[in-house]
Amino acid sequence: MDYVFVHGTTQSPTAWRPVEDLLRRRGHRTVAVDLPTDQPHLRAADYAAIARAQAGDALAPVLVGHSGAGLLMPAIARALGASHLAWIAAMIPGPVSLADELAVDTGEMFNPEWRSLTEPPTADPVVASYFLFHDCDLAGVRAGLRTLRLFYPAATYREVHEVPDLPSTYVLPRDDRTLRPSWMRRAARERLGVEAIEVDGGHCPQTSRPETLAAVLGAAWPARSGRARS
């Protein structure tokens, strides 16, 4: 099976390498796309075209997105002809833009501490460790900090993204300090029609628990029809 990985707003594509290595050992093909971080005016369709160009000959891939990449997944899924969507602690688009949703949000989506930050966590390793890598051992924290990179696709926050009718898997870290687990649980059910697969740990299981995440993703690909939990 082919897997295409999309990084979130705080880590570079290198964050996926441990999971990619595990999947490749099982005979799967993987590619982690590298979206431009210096063009915040780009829209979801633009990022989708970039992902399509980088995905090469990936055939009906499982599309895997982390965190803020959830906003880009609908457009990228259509561009790639994806067969399955895997949302990893990801924002799931709703019926309005993220900007409009946050304008009326009462603190249900994000941890209040996260929303109170005055600078991105990528600017401070202590803040990044607290929010992103708190469930890692020392080696994991060091590895995670090496992946830090800010990605701010500002224009996409004002777009409405329609989720395609494809099978989905949602991975929910129970100890997430960025997105609220209660919001992820409800959004997976209401917006994707699936029950979230809950795992231990924090916001970046690709860093803290690559074996767990690879096992979930390896089980995702046979589901080919309907929106159903893997």
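These legends describe close-up views of a predicted model.

**View 1**
Glu 20 has 5% relative accessibility and so counts as buried. Arg 24, at 43%, counts as partly exposed. In total, the structure holds twelve salt bridges.

**View 2. Arg 186 and Glu 108 form a salt bridge.**
Here the closest N and O atoms lie 2.9 Å apart. Arg 186 sits in helix α8 (residues 181–192), while Glu 108 sits in the loop between α4 (98–104) and α5 (112–115). The pair therefore ties together parts that are 78 residues apart in sequence. Arg 186 counts as partly exposed, at 30% relative accessibility. Glu 108 is also assigned as partly exposed, with a value of 39%.

**View 3. Asp 135 and Arg 209 meet through their side chains in a salt bridge.**
The N to O distance is 2.7 Å. Asp 135 is in the loop between α6 (125–132) and α7 (138–146). Arg 209 is in the loop between α9 (205–208) and α10 (210–220). With 25% relative accessibility, Arg 209 counts as partly exposed.

**View 4. Arg 174, Arg 185, Glu 198 and Asp 200 form one salt-bridge network.**
Shared partners link the salt bridges of these four residues. Two of the members are arginines, Arg 174 and Arg 185. Glu 198 and Asp 200 complete the network. Side chains of opposite charge can pair when their charged atoms come close.

**View 5. Helices α1 and α10 cross at roughly 50°.**
Their axes come within 9 Å. The two helices are therefore oblique to each other. The crossing of α1 past α10 is right-handed. On the α1 side, Pro 18, Val 19, Leu 22 and Leu 23 make the contact. On the α10 side are Pro 210, Glu 211, Leu 213, Ala 214, Leu 217 and Gly 218. By class, the contact of α1 with α10 has eight nonpolar residues, one polar and one charged.

**View 6. Helices α2 and α3 cross at roughly 45°.**
Helix α2 covers residues 44–54 and helix α3 covers residues 73–80. Their axes come within 8 Å. The angle makes α2 and α3 oblique to each other. Helix α2 passes α3 in a right-handed crossing. From α2, the contact takes in Ala 44, Ala 45, Tyr 47, Ala 48, Ala 51 and Arg 52. From α3, it takes in Ala 75, Ile 76, Ala 79 and Leu 80. By class, the contact of α2 with α3 has nine nonpolar residues, no polar residues and one charged residue.

**View 7. Asp 124 lies in the loop between α5 and α6.**
Asp 124 has 24% relative accessibility and so counts as partly exposed. Asp 57 is 67 residues from Asp 124 in sequence. In space, the two are 38 Å apart, C-alpha to C-alpha.

Notes. Residues numbered from 1 in each chain as written. Predicted model: local features only at pLDDT ≥ 70, side-chain atom pairs only at ≥ 80, totals over all residues. Heavy atoms only, no water. Buried < 20%, exposed > 50% of the residue type's maximum accessible area, 1.4 Å probe, protein only. Helix = DSSP H or I, 4+ residues; strand = E, 2+ residues; numbered from the N terminus. Axes fitted to C-alpha atoms, helices over the stretch in contact; angles between N-to-C directions. Parallel < 35°, antiparallel > 145°, perpendicular 65-115°, else oblique. Left-handed = near helix turned anticlockwise from the far one by under 90°. Contact = heavy atoms within 4.5 Å. Nonpolar A, V, L, I, M, F, W, Y, C, P; charged D, E, K, R; others polar.
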